[in-house]
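Trainee: I would like to learn how to read surface and packing features. Where do we begin?

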Amino acid sequence: MLDWLQENQTTLLWSAGLTVAMIIVSAVAAPIAIVHLPEDYLRRDHSKQQKKQSCKHPALRIALNIVGWLLIAAGIAMLILPGQGVIVLILGIILAEFPGKQRLLRWIITRPRILNTINRIRERFDRPPLLPPKTAPAH
């Protein structure tokens, strides 16, 4: 056993570092992002924001996409491993750019358990709950 630990020391150190990073993201960064979402985030028309976002400096857009996709991967991993997988996944989706992003985000966030969790986090920081998206009128 000790031989195996010595042979895989680098891998174990990288794994430990990634675990600590995921814990920090899930415990600190994700709740901060959730608290800073505007209460009408799910009701906004994000097509205008996407046009604004495309005006950002290309290096910043690339960096945000890399971080977003890494968080998406970490969030998916945390669905199985310890951590707040869904919250990290949501944070990654918010940062990344891809077609259908807003529809996917709304679908995830509007699940009752997830929306309740998000609103409990917001309540802890004296923020109003996220307003659910407006439903389309029946035809």
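Mentor: Begin with Trp4, which lies in helix α1. Keep in mind that this is a predicted model.

Trainee: Is Trp4 buried, partly exposed or exposed?

Mentor: Trp4 counts as partly exposed, because its relative accessibility is 45% and that class runs between 20% and 50%.

Trainee: Which residues form the nonpolar patch on the surface?

Mentor: Trp4 is one of them, together with Met1, Leu2, Leu5 and Leu12. Their accessible area together is about 570 Å². Helix α1 (residues 2-7) gives the largest share of the patch, three residues.

Trainee: Now the rings. How is an aromatic pair described?

Mentor: Two values describe a pair of aromatic rings: the distance of the centres and the angle of the planes. This structure holds one aromatic pair. Trp69 and Phe98 form it, with 5.4 Å centre to centre and 50° between the planes.

Trainee: Which parts of the chain does the pair link?

Mentor: Distant ones: the two residues are 29 apart. Trp69 sits in helix α4 (residues 58-78), and Phe98 in the loop between α5 (85-95) and α6 (101-109). Trp69 counts as partly exposed, because its relative accessibility is 43%.

Trainee: And pockets? What shows where empty space is left?

Mentor: Rolling a probe the size of a water molecule over the atoms does. Take the second largest pocket, with about 170 Å³ of space. Its lining includes Leu18, Met22, Val25, Leu70 and Ala74. Helices α2 (9-36) and α4 each supply at least two lining residues. The largest share, five residues, comes from α4.

Key: Residues are numbered from 1 along each chain as its sequence is written. This is a predicted model: local features need pLDDT of at least 70, side-chain atom pairs count only at pLDDT 80 or more; totals for chains, interfaces and linings use all residues. Side-chain values use heavy atoms; hydrogens and water are left out. Rings of Phe, Tyr and Trp (its six-membered ring) pair if their centres lie within 6.5 Å; planes under 30 degrees apart count as stacked, over 60 as edge-to-face and the rest as tilted. Helices (H or I, at least four residues) and strands (E, at least two) are DSSP runs, numbered from the N terminus. Buried means under 20% relative accessible area, exposed over 50%, partly exposed in between (1.4 Å probe, protein chains only). Patches are made of residues with over 30% relative accessible area and no salt bridge: like charges are joined within 9 Å, nonpolar side chains (Val, Leu, Ile, Met, Phe, Trp, Tyr) within 5 Å. Accessible areas come from the Shrake-Rupley method with a 1.4 Å probe; for residues, only the protein chains shown count as cover. A salt bridge is a side-chain nitrogen of Lys or Arg within 4 Å of a carboxyl oxygen of Asp or Glu. On a 1 Å grid over the protein atoms alone, a cavity is a set of points where a 1.4 Å probe fits but cannot get out, and a pocket is an open set with protein on both sides within 12 Å along at least five of seven lines; lining residues have an atom within 4 Å of a point. Grid points are joined across faces, edges and corners, and a volume is the space filled by probe spheres set on the points.
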